[in-house]
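The sequence and coordinates come first.

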Amino acid sequence: MTMIKETMANEKKYGLMSDVKVARKITNLTSYSVLFFFSALILFPILWIISTSLKNEEDLFSLPPQIIPENPTLHAFKQVWIDHPFLAYFRNSLIVVSAATFISVTFSAFAAYGLSRFRFRGHGTFMAFLLASQLFPSIMLLIPFYKIYMTFGLINTHAALIITYVSFTIPFCTWMMRGYFDGISKDLDLAAQIDGAGRFRIFRSVILPLSWPGLAATTIYSFISGWNEYIFALVLTQDEEMKTVPVGIGQLVGEYRIDWAQLMAASLYALIPLTIIFIFFNRYFISGLSAGAVKE
Amino acid sequence: MVGTDNGSGQGRFNVIARNMGATDLGKNAAGKYVAGQDSDGWKAALKLYKDAVDVGCVPPGQFQTGYPEASVQIGKGQAAMMITGPHTIGVALTANPAAKGKLAGAPIPAAAGVSATTSLNQSGYAIARRSTHRAAAIAYLKFLLNKENQLRINDVTYRIPSRLDAQADPQVNSEMSLGFVKAGEGKVFSNPQIPWYNSIAILSSPAYQAAIKGDKTIDQIAKEQAEKARKIIADNG
Amino acid sequence: MKSAFKKRESRSGYFFTLPTLLIVFSLIIYPLGYAIFISMQRTNLISEWKFVGARYYAELLTDAEFINSLKISLIFAFFVVVGNFVVGLLLAVILNQNLKFATTFKIILMLPWLLPEVVVALIWKWLFNPTYGLINYILNTVGLIDSDVSWFDSSTSALAGVIFVATWKGYPIVMIMMLAGMKNIPSERYEAAAIDGATRIQQFRHITLPGLRPIFLVTCILETAWWFKHFTVIWLMTSGGPAGATKVVSISIYQQAFGDFNFGKAAAESVIILTILLAASYFYSRAIRNDND
């Protein structure tokens, strides 16, 4: 009864607007409220990061706290490059993380396709094994990894970090891509096979082009995990010229003093490549949408 | 109050416990290691921590107050006292230059019948025999160690110089750091130089945190930690 | 005929999976074997090596503190994973509607994932600081509180605090994975459902959720494993305190290894955790296998 009354009232209120449209408006409003709420929750600490990066030493802990710095300065943004070899840190991070991401995404797409399309002996074991490799507490991996790389003379090289990051991200990327490939109809493979295409060609020219959203997600995942990894980079590199960005940022946290302004400035600099990667790959999420139409 | 569960908090508690007459890892007459966690002095130190928080003379959030936080509190006038060394003056003044001249050090008082004691933190340098830039390293150390530069470092960091002639300089004996110099001239203790001492040292931080929280009685806490310490001694002795 | 087909199937399967298999295998087997080896030694890894057999395992399984830190890890992981999924899925569903400004919101909502854990932990610790943190200042100004609240002093609030920060940091990955999964659900299904008059909630239950199932399960397992053995955020915010209230297993291992230099016992703890997580993932993967057939 009440529902009918409400509907009638709504119809009166919105004139020609249909019930569905009203409902849609309300859902949109709710959606935006949720988005605003969470965005505020995210932006609050981030604005504090930005505000801190613009403060001078004396204003850092001023009471009451200054949300907008009274004496804003770009000093930290400049000084962080002078006081520390961040240029080298950025170069190392870019080399290591790009290489690791490329290897990880390529290999995992291969493996995921194999797991998604073929049944073979050890299929289940392999899946379980990939998973198991993620279950061991990473602190206890530090020492054996160090020993392995020591044996092969890889300490203090990009290669050690690349291999490490690949081993960390490949299981998740494989599982993730496998879930993605499973969602693509096998009829497509079959059709291409009837046309006489080999397995590799099917993978490359039929399945991969449909998988951009999945590949974009795994690329973002791999890149970000590597970009922010701290403890292994700390242990496996020693020379200043070989350290990565998170290690450099970590060094700003001293035993006696935290260099807050520079710490925040460096973190903001470190966000730039990630944001670019994200904006770039975000387009593939959208293009994946149109690809979705041909899937079934 | 540095009440964090880390070495910084443990070291400060240890100094207080020592001045209450407790030694976390002492030696008996027969030269065997003994645990001091259930001694009266250790319990008194735990009680002091608890009481300090209970009566409200500790800034809130003592469990998250590590060294960097506590020195900001000193600099900003939110805390009046801290168990620490002279370097804190330097750190506090960075956060608040206006505090210059308003900070001073004093030796930690000891319980009745206990002679006051403190620890000295000495930082040292070493040059490897096969160092490729040995001459440069030596020159750098000499640079750090000449009297004038020692005083310059002291002027900024308030750390007490390692050179005796620099220590005697009036600058070092200013009112701000005199208390630290005095304490250092008195009785000084050092922790046992054994590889497993750290296993004993880390027993104190969960203990003072538990004492402050008050879920367990101080006797209970002291007993538990002493049992752990005895097990460690037995394992290593 | 059929067996020839099967053989070719197998060969293709191996061809595609081999590179990954080799990488993961070579970097997992040795560390694992090494950990099992040192878990039976009393060792500081330098001068002392003494075989102790299963002593550490026996000690740990009867050690109330260790059992307690397993319990804390479980609570921590449970709430963080549930939190990540609730927030991540909710936001993914909304972002997937292609509202105006969806991309802007998506980038903002991704930001926590882009920040290093160290920075996230330190900034929140500062914001929550009772004497000079922004949160108390704001609450004081608005009049919600009249004295400084020390947020992390009780066992419950400290654990809740680290769970909050971990969720703040952790939900974007779930959001992104769910979003990618949703792009894989054909839009015709929604159109057909809409024509049949299904509400948004019905569409979510009967189309979105089943469509997300494969990615959902994978993300769920790995999220559980990651957060169960999480270290950085908790270590930087509470170091396991107050009085052990947030001492998860990773912190216990870290303190055992790098505080006590008792590497054997630390390794034994790791092996026990591995066993627990293996058992848990066995049940998960059975669910996945059912899903495949």
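At 1% relative accessibility, A22(B) counts as buried. The model is predicted. A22(B) sits in the loop of chain B that runs between α1 (7-19) and β1 (25-27). Apart from residues within four places in sequence, the contacts of A22(B) are A17(B), G36(B), S39(B), G41(B) and W42(B). M82(B) is 60 residues from A22(B) in sequence, and the two C-alpha atoms are 20 Å apart.

Chain A has 13 helices and 0 strands. Of its 296 residues, 54% count as buried. When contacts in chain A between residues at least 6 apart in sequence are taken, 73% of them join residues at least 24 apart.

How much area do chain C and chain A bury between them? The value is about 9,400 Å², with 80% of it on carbon and sulfur atoms. In chain C, the residues that lose the most area to chain A are F16(C), W126(C) and K183(C), which together account for 8% of what that side buries. The contact draws 98 residues from chain C and 99 residues from chain A.

There are 0 salt bridges between chain C and chain A, while 9 residue pairs across this interface are in polar contact. Helix α1 (residues 2-38) of chain C supplies the largest share of the side that touches chain A, with 23 residues. By class, that side of chain C holds 73 nonpolar, 16 polar and 9 charged residues.

**Helix α11 of chain C**

Helix α11 (residues 249-259) of chain C is mostly covered, with 9 of its 11 residues buried. The buried residues are V249(C), S250(C), I251(C), S252(C), I253(C), Q255(C), Q256(C), A257(C) and G259(C). Just after this helix, F261(C) adopts a positive phi of about 55°.

S250(C), in helix α11 of chain C, has a relative accessibility of 2% and therefore counts as buried. Its side chain reaches two backbone oxygens: that of K229(C) at 2.6 Å and that of H230(C) at 3.3 Å. Leaving aside neighbours within four places in sequence, S250(C) is in contact with K229(C), H230(C) and F231(C), and also with I139(A) of another chain.

**Cysteines**

A disulfide is a covalent bond between the sulfur atoms of two cysteines. The count over all chains is 0 disulfides. C220(C) is in no disulfide either, the sulfur of C173(A) being the nearest to its own. Both cysteines count as buried, C173(A) at 0% relative accessibility and C220(C) at 14%.

**Salt bridges**

Side chains of opposite charge can pair when their charged atoms come close. Over all chains, the whole structure has 21 salt bridges. Among them are the following.

| Salt bridge | N to O distance |
|---|---|
| D219(B) and K43(B) | 3.2 Å |
| E69(B) and K125(C) | 3.4 Å |
| R55(C) and E59(C) | 2.9 Å |

D219(B) pairs with K43(B) at 3.2 Å.

E69(B) forms its salt bridge with K125(C). Because E69(B) lies in helix α3 (residues 67-75) of chain B and K125(C) in helix α5 (residues 117-127) of chain C, the pair joins two chains. E69(B) is buried at 10% relative accessibility, and K125(C) is buried with a relative accessible area of 16%.

R55(C) and E59(C) meet in a salt bridge at 2.9 Å, N to O. Both lie in helix α2 (residues 55-61) of chain C, 4 residues apart, or about one turn of the helix. R55(C) is partly exposed, at a relative accessible area of 29%. Through shared partners, salt bridges link R55(C) and E59(C) with K265(C), K231(B) and D235(B) in one network.

Conventions: Residues numbered from 1 in each chain as written. Chains lettered and ligands numbered in written order. Predicted model: local features only at pLDDT ≥ 70, side-chain atom pairs only at ≥ 80, totals over all residues. Heavy atoms only, no water. Buried < 20%, exposed > 50% of the residue type's maximum accessible area, 1.4 Å probe, protein only. Contact = heavy atoms within 4.5 Å. Disulfide = S-S within 2.5 Å. Buried area = accessible area lost by both parts, 1.4 Å probe. Salt bridge = Lys/Arg side-chain N within 4 Å of Asp/Glu carboxyl O. Polar contact = N/O pair within 3.5 Å; in protein donor to acceptor, adjacent residues only side chain to side chain. Nonpolar A, V, L, I, M, F, W, Y, C, P; charged D, E, K, R; others polar.
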